[in-house]
Amino acid sequence: MKEIPVSITPKPITSINVKQGGCDEKSLLSGLLTLEQARTKMLESITPITETVNVATMESYGYVLAEDIHSPVDVPNYKNSAMDGYAIKASDIPKTGSKPFKLVGTSWAGKPFDGKVNSNECIRIMTGAKLSDDTDTVIMQEHIEKEADNITISTGHKAEQNVRYAGEDIKKGALVLSRGKLIKAAEMGLIASLGFAKVKVVRKLKISFFSTGDELRGVGETLEDGQIFDSNRYTIFGMLQKLNVQINDMGVIPDDREKIETAFLTAADQSDVIITSGGVSVGDADYVKETLEKLGQINFWKLAMKPGKPLAFGKVKEAIFLGLPGNPVSVMATYYQLGLPAIQHLSGNQNYTQVIAKALTTEPFYKRPGRLDFQRAIFSYDNNGELVVKGVGMQASHILSGMSLANCFAIIPAESGTVNAGETIEIQPFDGLS
Ligand code: AMP
Ligand code: MG
């Protein structure tokens with residue numbers, strides 16, 4: 001096997017910094033749009049939401065910050081001990097041998113010692129407790145000897161060791177978090193550490209979704225000949241669970257001109273984003289396209305990606321419309337590659353990234369040149385610590401079990417044919433697709 005370093009590089013998904021698979025002339029000539037072109041067009045046409053709300057810091061997970069946050073304080077806001085130990089004056093550290101110190105008090109976290117510390121005296125101090133002004137060095141408790149109130153400290157300690165200084169983490173007035181930042185666990189803690197009980201964020205997006213098609217039946221119903229269970233709505237609902245959005249499940253809409261039109265208009269009035277699956281292929285004999293052409297400004301794209309060739313994108317009234325293909329794997333692939341960046345952009349998230357890593361193939365990935373391929377695959381580390389990847393078997397776009405077996409997409413560039421075992425390819429771990 002070749003020695004290939006594994007790099008895990010977050011790739012920002014923005015309208016300028018999106019690169020995958022290349023934009024080849026051939027795709028353009030055959031009327032197909034590359035993923036990159038589609039994503040750029042999408043992001044350029046979406047204006048991020050600017051309406052804001054104030055939420056309690058404890059409720060802020062998953063929201064996007066709507067304001068810059070500057071620190072009103074120094075963090076930490078006082079000089080404190082990094083260890084459980086004994087605080088002394090640096091000038092008292094023995095140059096050779098050891099010497100006795102007199103214990104004159106204790107500084108607890110939250111209950112500082114307010115007395116005076118003279119030369120050759122020390123105070124007991126806990127981690128995070130305030131250092132009195134006349135001490136500047138902490139000796140770890142494991143490094144002293146103690147007999148009643150007599151402490152013996154030996155040579156070998158550095159002046160000002162084990163001390164955390166005021167403002168060492170964040171200086172008063174410093175920019176701590178920028179507008180457009182998605183709030184996760186670390187940000188929640190950081191905001192709280194500055195003392196903010198509330199934070200100004202972009203309001204939650206409202207996303208409606210439904211399936212259309214006469215062949216679709218709901219779970220619990222009995223299937224008749226030629227009918228299938230509607231699974232895409234469950235997949236879409238599952239993928240949306242990862243976002244901090246208000247989800248509106250509108251069920252299955254039968255292939256009926258009026259019902260479809262009503263569904264779109266209701267969804268547009270209630271939501272920022274409408275997601276549907278199916279009914280957007282060229283030549284589909286249903287009313288979805290007809291209705292959309294009548295109601296909105298919709299592009300029907302043929303994408304040079306696999307799975308996921310047909311895709312509709314545009315607006316119904318003020319709502320962004322995303323018409324995903326019908327095949328179950330195509331639904332997930334197009335949602336991750338296009339839907340998610342679009343939703344993140346609309347929500348004002350300015351730092352959305354998708355993780356791409358490089359891995360060695362342990363078996364061939366079969367492909368014909370032409371479209372950018374997102375094959376379902378499993379990555380792991382081999383015995384040499386190399387990141388390796390193999391496929392999950394059948395790659396057809398209706399095989400949803402493959403998505404469940406897989407932990408990543410294997411990304412095979414548009415112009416590439418079959419990739420042999422031992423070559424390096426890019427992979428996109430599903431866990432990075434939140
Ligand atoms: P379409 O793009 O509508 O022609 O659909 C392509 C394929 O996806 C067909 O086999 C459909 O039956 C299937 N499909 C469409 N919608 C769904 C759905 N909601 N759940 C499961 N399969 C679907
Ligand atoms: Mg259909």
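Which backbone nitrogen does the side chain of T137 reach? All views show a predicted model.

**View 1. The side chain of T137 meets the backbone of E160.**
T137 belongs to strand β8, residues 137-140. Its side chain reaches the backbone nitrogen of E160 at 2.8 Å. The relative accessibility of T137 is 0%. T137 therefore counts as buried, the cut-off being under 20%.

**View 2. Ligand 1 sits in a shell of 15 residues.**
Closest to ligand 1 are E215, D230, S231, G279 and G326. By class, the shell holds three nonpolar, nine polar and three charged residues. A polar side-chain atom of D230 lies 2.7 Å from a nitrogen atom of ligand 1. For S211, a polar side-chain atom is 3.4 Å from a ligand nitrogen. N232 takes part through its backbone: an N or O atom there lies 3.4 Å from a nitrogen atom of ligand 1. On its own, ligand 1 exposes 480 Å². The protein buries 76% of that area.

**View 3. R233 pairs with D230.**
R233 lies in helix α4, which spans residues 232-241. The side chains of R233 and D230 are joined by a polar contact of 2.8 Å. D230 also places a polar side-chain atom 2.7 Å from a nitrogen atom of ligand 1. R233 has a relative accessible area of 13%. It is therefore buried, as that value is under 20%.

**View 4. The largest pocket is lined by 27 residues.**
The space in this pocket is about 540 Å³. Nearest its centre lie L182, K184, Q344, N349 and Y352. Two elements each supply at least two lining residues: helix α7 (328-346) and strand β23 (353-361). The lining has 12 nonpolar, nine polar and six charged residues.

**View 5. The largest cavity holds about 40 Å³ of space**.
Rolling a probe the size of a water molecule over the atoms shows where empty space is left. Across the whole structure, four cavities of 30 Å³ or more are found. The lining of the largest cavity is made up of I46, V273, I320, L322, G339, A342, I343 and L346. Seven of these residues are nonpolar and one is polar; none is charged. Strand β22 (319-324) and helix α7 each give at least two residues to the lining. Helix α7 provides the largest share, with four residues. Helix α7 also supplies at least two residues to the lining of the largest pocket.

**View 6. Helix α2 is largely enclosed by the rest of the structure**.
Helix α2 covers residues 35-45. Eight of its 11 residues are buried, so the helix is largely enclosed. The buried residues are L35, E36, Q37, A38, R39, T40, M42 and L43. An α-helix has 3.6 residues a turn, so residues three or four places apart point the same way.

P76 lies in the loop between β3 (69-70) and β4 (80-81). P307 sits in the loop between β20 (305-306) and β21 (310-316).

**View 7. A148 and K317 have positive phi values**.
Phi of A148 is near 50°, a positive value in a residue other than glycine. A148 is found in the loop between β9 (144-147) and β10 (150-154). Its relative accessibility is 63%. A148 therefore counts as exposed, the cut-off being over 50%. K317 is not a glycine either, yet its phi is about 50°. This residue lies in the loop between β21 and β22. At 42% relative accessibility, K317 counts as partly exposed.

How values were computed. Residues numbered from 1 in each chain as written. Chains lettered and ligands numbered in written order. Predicted model: local features only at pLDDT ≥ 70, side-chain atom pairs only at ≥ 80, totals over all residues. Heavy atoms only, no water. 1 Å grid on protein atoms, 1.4 Å probe; cavity = no way out; pocket = protein on both sides within 12 Å on 5 of 7 lines; lining within 4 Å. Points joined across faces, edges and corners; volume = space filled by probe spheres on them. Nonpolar A, V, L, I, M, F, W, Y, C, P; charged D, E, K, R; others polar. Near = heavy atom within 4 Å. Polar contact = N/O pair within 3.5 Å; in protein donor to acceptor, adjacent residues only side chain to side chain. Areas by Shrake-Rupley, 256 points an atom, 1.4 Å probe, with all protein chains shown as cover. Buried < 20%, exposed > 50% of the residue type's maximum accessible area, 1.4 Å probe, protein only.
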